[in-house]
Amino acid sequence: MDRHAIFDWIKQNPWLIVPVLGLIPLLNLPFAKSQPSLPPTSVTTSTPMLPTSVSTMPSLVSASPSPRVTPSPRSVPVSVSVKKLPQKKSTAPLRKPVAASIPLPANLSVDAAIEMRVAIASGVTTLPISTSMGGVILGVNGRPIHTLPAQSTYTVEADGQGLLLDSMQLPSVVVIDSTPNGLIRVGDRDYRGRMLLVLQEGRLWAVNYVSMQYYLYSVVGSEVSPSWPMEALKAQAVAARSYALTYHIKPVNRQFYDMGDDEYYQVYKGIESETDTTRQAVNSTRGEFVSYRGGVVESLYAATDDIVIDAFQGKGMSQVGALGLAEKGYGYRAILGNYYAGTGIGRIEMDME
């Protein structure tokens, strides 16, 4: 077929060319390599994140999460609005505006300023709850409804008209707030932060509102052994933060929760998984995430290389592989660069003015 005949054919069948053209940008996305790379170039970014308000009544919608071990996870970077420093000019499109910067106390870390909403119970009929140091049940308007004495266990039940706290009638949406430094026990686990209880279609939901800092303390210790070398724990902390940020920006349910607490997302067990080493790994990498052209990468990971290959087509971090690289002396940036090739380390910075 000569050149003119080809052009005539294209004019008559243009729709056959579009799918091919749509694949071209994906060919430039590099992914995992077999050997450790040099540490990726650090990209310092500044993204103001405001704590999420619970002052309005959430409306539950049916949402099916994308498991972290499914054959077709999201594997392209999620673009977010970031403000680069003058010498680091962004080339990524800024598609999602965020709130303006706010002044913060100098001793408040960026991870402490981001509030995650983690569903820890979904569709149950009863939940035992208690507080370690006392607390209060609040309505969605912020007004106190009932005081919770320390170390007193109550049973919250789903009722046709609302929630029942033992025999006390509550609205269909309440917030449990503990005293400063206190813990809220739901079921057999203790949690930091606040707890949102919601009645939906006759079932009870519990959502933990907790800072990114405390959330990651638990996730790192839940996903890998706290006894691993610090560089492996740091790599896990950055990957877990990056993964969580994608759901903080694009939550499963915008009004209700960002993500769940099980292996479909990242395992989160409250304070039982916190250790000195997981806290050190999170604190020493505060605000850092896997970045691609100014965006946040959904940093998929699994236990072994075989699972990463089977579940993610090789586009993710092997936790056991990260352990092996750390034992060989590689730092966490080199480990992340090996598994998320072509990316850099972004950093969220809060405006302290």
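User: Does arginine 241 count as buried or exposed?
Analyst: Arginine 241 counts as buried because its relative accessibility is 1%, where buried means under 20% relative accessible area, exposed over 50% and partly exposed in between, with a 1.4 Å probe and protein chains only. Bear in mind that this is a predicted model, in which local features need pLDDT of at least 70 and side-chain atom pairs count only at pLDDT 80 or more, while totals for chains, interfaces and linings use all residues. Residues are numbered from 1 along each chain as its sequence is written, and side-chain values use heavy atoms, with hydrogens and water left out.

User: Where is arginine 241, and what is it in contact with?
Analyst: Arginine 241 belongs to helix H5; helices (H or I, at least four residues) and strands (E, at least two) are DSSP runs numbered from the N terminus. Beyond its neighbours within four places in sequence, arginine 241 has contacts, meaning heavy atoms within 4.5 Å, with Asp111, Met212, Leu216, Val282, Thr285, Arg286, Gly287 and Glu288.

User: Val282 is in that list, so which residues of H6 are buried?
Analyst: In helix H6, which covers residues 276-284, Thr278, Ala281 and Val282 are buried. They line one face of the helix, because down the axis of H6 they fall within an arc of 95°, the arc being that of the directions from the helix axis to the C-beta atoms. The partners of those buried residues are helix H3 (110-113), helix H4 (212-223) and H5.

User: Which ring does the charged end of arginine 192 sit over?
Analyst: The charged end of arginine 192 sits over the ring of tyrosine 214, 4.6 Å from its centre; the criterion is NZ of Lys or CZ of Arg within 6 Å of the ring centre and within 35 degrees of the ring normal.

User: How many residues are in the largest nonpolar core?
Analyst: The largest nonpolar core has 76 residues, and those with the most contacts inside it are Met195, Leu197, Tyr215, Met317 and Leu336. Such a core is a set of buried Ala, Val, Leu, Ile, Met, Phe, Trp, Tyr and Cys residues joined through side-chain atoms within 4.5 Å. H5 provides the largest share of this core, 12 residues. There is also a second, separate core of 11 residues, including Leu138, Val173, Val198 and Phe256.

User: Where is glutamine 319, and is it buried or exposed?
Analyst: Glutamine 319 is in helix H8, residues 319-327, and counts as buried at 6% relative accessibility. Its contacts beyond four places in sequence include Glu223, Trp228, Gln236 and Tyr301.

User: Where does pLDDT stay under 50?
Analyst: pLDDT, the predictor's confidence in each residue from 0 to 100, stays under 50 over residues 1-7 and again over residues 9-67, for which the model has 113 contacts beyond four places in sequence. Where pLDDT is low, the predicted coordinates should not be read in detail. The chain averages a pLDDT of 76, and 69% of the residues score at least 70.
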